[in-house]
Structure formats: C-alpha cells, structure tokens
Amino acid sequence: MNYNPKNFLENTGLKLDHKSIGFLQKEIQLLSCSDVHEIAHLITNPESYFFRSFSHLELVKKMSTKKTSIWFAGCSTGQEVYSAALMLSSIRDKKLLGTDISRKYIEKAISGSFFVFKKSEIKALEKYKHVSQSYLHLNNNKKSLDVKFSSLKKEGISFDIHNLMDGPYSSGFDIVYCRNVLLHMTIKGKKKALNSLKDGVKAGGILILGDTDPHIFEDNWERNKYKNAIFWKKKW
Ligand SMILES: C[S@@+](CC[C@H](N)C(=O)[O-])C[C@H]1O[C@@H](n2cnc3c(N)ncnc32)[C@H](O)[C@@H]1O
C-alpha cells in the first residue's frame, strides 16, 4: 500500500496544517512504516496531567458504584485514568480502561512511572499518599515528584491501543470519558469518533465529552449537568 499523509489523516480523523503534513510525509518515508499506531506519536498532541478536568473526574466519582466500568478514550499517557483510580480507590471491582491510538503513549501509560514538576499537580497527588502503598509510590525530590503506580490489574486498570475511527473498543461501559481529543479532529473525524464513543455506552450509562465537542441531538440521549460538568445520558 502506498501510505501517505492523506491516508494517515483519513485513518485517524485528525486535522493537520500544511507544515505538519510535510513533516509527516518525510517521517513516513524515513521510517517506511504504515502502521498508524506506530507513527501516531509523531503528530498527535499528548498533553495530559494528573487531575485535569477535576470537576469531570468528580462527576465520574459521583456516578461510580461497585463494578462500574469506565472507558477513557484518547487517554494519552494515562494520567486521567490514574487520577480517576485514586479518586475511586474505595470502589470495589471497578474496571478502568484507557485507550489511545499511539502505541508509544500506551507503553508509557502501562509503565505507570511519571516525573511531576508542576506544584499544583504535586500537591494534588500528595493528598493520596494514604492510598495503598503497594499501588502508589511517591518519592519526593527537591523540585519534582517521582510517581509510580503498580499492581494495575489488581486495581482494575488496563490500557490498550485503539483507534476511534474503528468503532468502539467494546460496548456496555457504564461511563465513557473522552476529553481533549475530538477538538483535534476534522468534522468527519469528530462524527466518526463520536459514534464510536456513543456505541461504547450501555443503556442507562453516561458519556463525558470535552467542552467544545459536538452536542448530541438524538431522542435516546439526554443532556445533564453535575456542578460545572456537562454529561450525556443514554436513555435506551
Ligand atoms: C491532548 S491528548 C488528551 C489526553 C487526555 N484525554 C487528557 O485530556 O488529558 C489527545 C489524545 O488523543 C489521541 N488521539 C488522537 N486521535 C485519536 C484517534 N483517532 N483514536 C484514539 N486516540 C486518538 C492522541 O494520541 C492523544 O494522546
């Protein structure tokens, strides 16, 4: 297959400017690689940090009960999954799945190791020092915090590569969470990704999107608000 940036954009739904397309063209030739999961890190924005979108994570906490299953789509290197896991530490038998199109980001997420420099992030993480020592290890250096999460399986956490253009990872999640992902996509890409996310939610479950993401105008979806956080409930 003649793999070129146009295929890449079609296969990821991403919106790129001319400069990025030129860069991608060179990299694809250099790497002679056609697997979208292997090259996605060259062109996607991986920005993520612990306790980002705190009011939405509080909403996740409010909606979670024993055995809740949550899919974090486009989780990058996993900080939002780990933040939720800390906030839900008292909830038993939960399942937290993080997925992303980039293999590199998912490998980093699975490693569970982070260096945190931002003061506000360090402060927020230190509040969870009490959480099971076998799971969260914090090592305070002068200006940074080494964070290591382990026993992921025991804590119900898993990660996998997945492209939102290929449909849902699976169906039947109580909560599907996807923030700061669709905003980087074309109109066509957003539409496809949104369908995948909607299909991942079980009847009675909820979908949490980014603030600028499209609204859902369908009879079986209802817009709701918890404090500052908007969410969509799938009625049937
Ligand atoms: C800015 S990060 C957001 C990370 C996290 N959700 C957060 O809010 O902190 C956007 C992520 O979306 C992922 N992404 C972009 N297109 C995707 C696609 N088609 N399928 C799955 N993930 C995608 C990127 O690889 C990147 O890791």
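## Buried or exposed: a starting point

A residue is buried if 20 or more other C-beta atoms lie within 10 Å of its own, exposed if 12 or fewer, and partly exposed in between, with C-beta atoms placed from the backbone. Keep that in mind as we look around this predicted model, where local features need pLDDT of at least 70, side-chain atom pairs count only at pLDDT 80 or more, and totals for chains, interfaces and linings use all residues. Residues are numbered from 1 along each chain as its sequence is written.

## Two residues in a loop

Let's begin with Ser53, which sits in the loop between H3 and H4; helices here are DSSP runs of H or I with at least four residues, numbered from the N terminus. Ser53 counts as buried because 20 C-beta neighbours lie inside 10 Å. Its phi is near 50°, a positive value in a residue other than glycine.

Phe51 belongs to the loop between H3 and H4 as well. Its phi is also positive, near 60°, and Phe51 is not a glycine. Phe51 has 21 C-beta neighbours inside 10 Å, so it counts as buried.

## Two domains

The protein is divided into domain 1 (5-42) and domain 2 (54-234), with bounds that come from an automatic or database domain assignment. Their centres, taken over C-alpha atoms, are 26 Å apart. Where the domains touch, 10 residues come from domain 1 and 16 residues from domain 2; a contact means C-beta atoms, placed from the backbone, within 7 Å.

On the domain 1 side, helix H1 (5-12) and helix H3 (36-39) each supply at least two residues. H3 gives the largest share of that side, 3 residues.

## The nonpolar core

A nonpolar core is a set of buried Ala, Val, Leu, Ile, Met, Phe, Trp, Tyr and Cys residues joined through C-beta atoms within 7 Å. The largest one here has 56 residues, and Ile70, Trp71, Phe72, Val176 and Tyr177 touch the most other members. Domain 1 and domain 2 each provide at least three residues of this core.

What is Trp71 in contact with, leaving aside its neighbours within four places in sequence? The partners are Leu97, Thr99, Tyr169, Phe173, Val176, Tyr177 and Gly200.

## A pair of helices

Helix H4 (residues 54-63) and helix H5 (residues 79-87) have axes that come within 10 Å and cross at roughly 45°. On the H4 side, Leu57, Val60 and Lys61 make the contact, and on the H5 side Ser83, Ala84 and Met87 do.

Definitions and conventions: Two residues are in contact if their C-beta atoms, placed from the backbone, lie within 7 Å. Axes are lines fitted to C-alpha atoms, for helices over the stretch in contact, and angles run from 0 to 180 degrees between N-to-C directions.
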